[in-house]
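Please consult the sequence and the structure as displayed below.

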Amino acid sequence: MTVAADPFEAFDHSTGSGIVRDPYPRLAELRAASGGVHEGHLDDAFGVPRSPEAEGPKSGHYFSALSYEAVTQVLLDGETFSSSGYGKSMGLVMGHSILEMDEPEHRRYRDLLQPAFTLKAMERWEREVVTPIVHRRIDAFAEAGRADLVRDFTFPFPLEVISSMLGLPDEDLPAFHRMAVELISIAIDIERGLNASQSLRDYFAGILTERRSAPRDDLISLLAQADLDGERLTDEDIFAFLRLLLPAGAETTYRSSSNLLFGLLTDPAQLDALRSDRSLMRRAIEEGLRWEAPLTGISRWTTRDVEVCGTSIPAESMVQVCVGAGNHDPARWEDPERFHLHREVKPHIAFATGPHTCLGLHLARMETVVALNALFDRLPNLRLDPAAEDVHITGLTFRAPRELPVLFDRAC
Ligand code: HEM
């Protein structure tokens, strides 16, 4: 298979970007026709080429959970629906991270990482890391009166946040982002993914050695000193977590903040409502995540025969868990395809649920609050460039607009 030279482009394409514009009507059909669990692989239902290298489930069966009820049943039952299958895909390049662990191992490791991601910890990250990075980014285009908010803002800032939390030098950022995207492109180019994994390992090894001898106030130092039942985390444990953090923390937040901005910029009345009443910010963020989840699907593997919403699933099957479809279930949300700031607040599942609920959810929310407030405060009359053609969100598994061309009055 030919892989585009640009790893960002290749990754986007493999996740349905440019092929699938709006998956929600078809997902609604599949959900309605199946009662919540569709038998089959979603890539096939959407004409997205399947990755030739990916190893299939032993039973040979694929299922897709599409209703809110089916998705939550799967995600809340980690014994029946194991995460260990990631070991044969993402795990090949990330190492043995919490993403592919089941209980009780998962909980032990997750508890070690949790302190850096609590609401309390966010106060410091917001002040010392996120706010300065967001404003530095805006400084770079505020005088111009125009920008592409994806290229100039939402794409770069979440990765800068992660690397700053880790305590990495600024000049390493571009290479670092490239390696992170290459890492998760394993399904389309296994060789490239494995090379990126090794390069990241070598890169982190040098920094970890430094932090072990001279700890600082950063995440790598915290991991170097973390204690697991009286033992230190091994270097490989730490590399696996660090490798996971890059795509988990950067890809998703760039996409979710872009999707929310798209929803607002294409609906000026809702944009004005939020700009003039910031108490609506949290609502806007949760509705943006529900409406256009940046990562629409995750996976689980059955450890036994099971029934979900009337569909029998044999052991050793792969279940695609479509949180995006669950978030658009009309049984839970009225008029689910609509981005609506004032809809009744109900928890969504863009961050999953159950034992693997996103560890970075407070960080992602805080980053988005800081980013949007800064844009609204500093860029008066922010609006979509009327000359821009056909700006839209695209993708099946990962979704985002490719560009957000905007105009604004010259900034103060
Ligand atoms: C809007 C942004 C984000 C979304 C929508 C999101 C979504 C998700 C989802 C759906 C999962 C479950 C994966 C699975 O079980 O297969 C997950 C797990 C995870 N996320 Fe996020 N995420 C976001 C931001 C972040 C950030 C900013 C970080 C950290 C810097 C992060 C770190 C993690 C980690 C470490 C896990 C693994 C948790 C575990 O396995 O116990 N995420 N995320």
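The model is predicted, so local features need pLDDT of at least 70 and side-chain atom pairs count only at pLDDT 80 or more, whereas totals for chains, interfaces and linings use all residues. Residues are numbered from 1 along each chain as its sequence is written, and side-chain values use heavy atoms, with hydrogens and water left out. Helices (H or I, at least four residues) and strands (E, at least two) are DSSP runs numbered from the N terminus.

**Ligand shell**

- The ligand is surrounded by 29 residues, of which Tyr 86, His 106, Arg 300, His 356 and Cys 358 are the closest; a residue belongs here if one of its heavy atoms lies within 4 Å.
- At least two shell residues come from each of helix 6 (105-113), helix 13 (235-265), strand 7 (297-302) and helix 17 (361-378).
- Helix 13 contributes the most, with 7 residues.
- By class, the shell holds 19 nonpolar, 7 polar and 3 charged residues (nonpolar: Ala, Val, Leu, Ile, Met, Phe, Trp, Tyr, Cys and Pro; charged: Asp, Glu, Lys and Arg; polar: the others, Gly among them).

**Polar contacts and iron**

- Polar contacts are pairs of N or O atoms within 3.5 Å.
- Oxygen atoms of the ligand lie 2.7 Å from a side-chain N or O atom of Arg 300 and 2.6 Å from a polar side-chain atom of His 356.
- A nitrogen atom of the ligand is 3.3 Å from a backbone N or O atom of Ala 248.
- Cys 358 (SG), at 2.3 Å, is the only protein donor of the ligand's iron atom; donors are N, O and S atoms within 2.8 Å of the metal (3.2 Å for Na, K and Ca).
- Cys 358 is located in the loop between helix 16 (323-326) and helix 17.

**Helix 15 and helix 17**

- The axes of helix 15 (residues 281-291) and helix 17 come within 10 Å and cross at roughly 115°; axes are lines fitted to C-alpha atoms over the stretch in contact, with angles from 0 to 180 degrees between N-to-C directions.
- Met 281, Arg 282, Ile 285 and Glu 286 of helix 15 meet residues of helix 17 including Arg 365, Leu 372 and Phe 376, where contact means heavy atoms within 4.5 Å.

**Backbone features**

- The Glu 103 to Pro 104 peptide bond is cis, with omega near 5°, and Pro 104 sits in the loop between helix 5 (90-94) and helix 6.
- Cys 309, a residue other than glycine, has a positive phi near 45°.

Technical notes:
A polar contact is a pair of N or O atoms within 3.5 Å; within protein, one must be able to donate a hydrogen and the other to accept it, and residues adjacent in sequence count only if both atoms are side-chain atoms.
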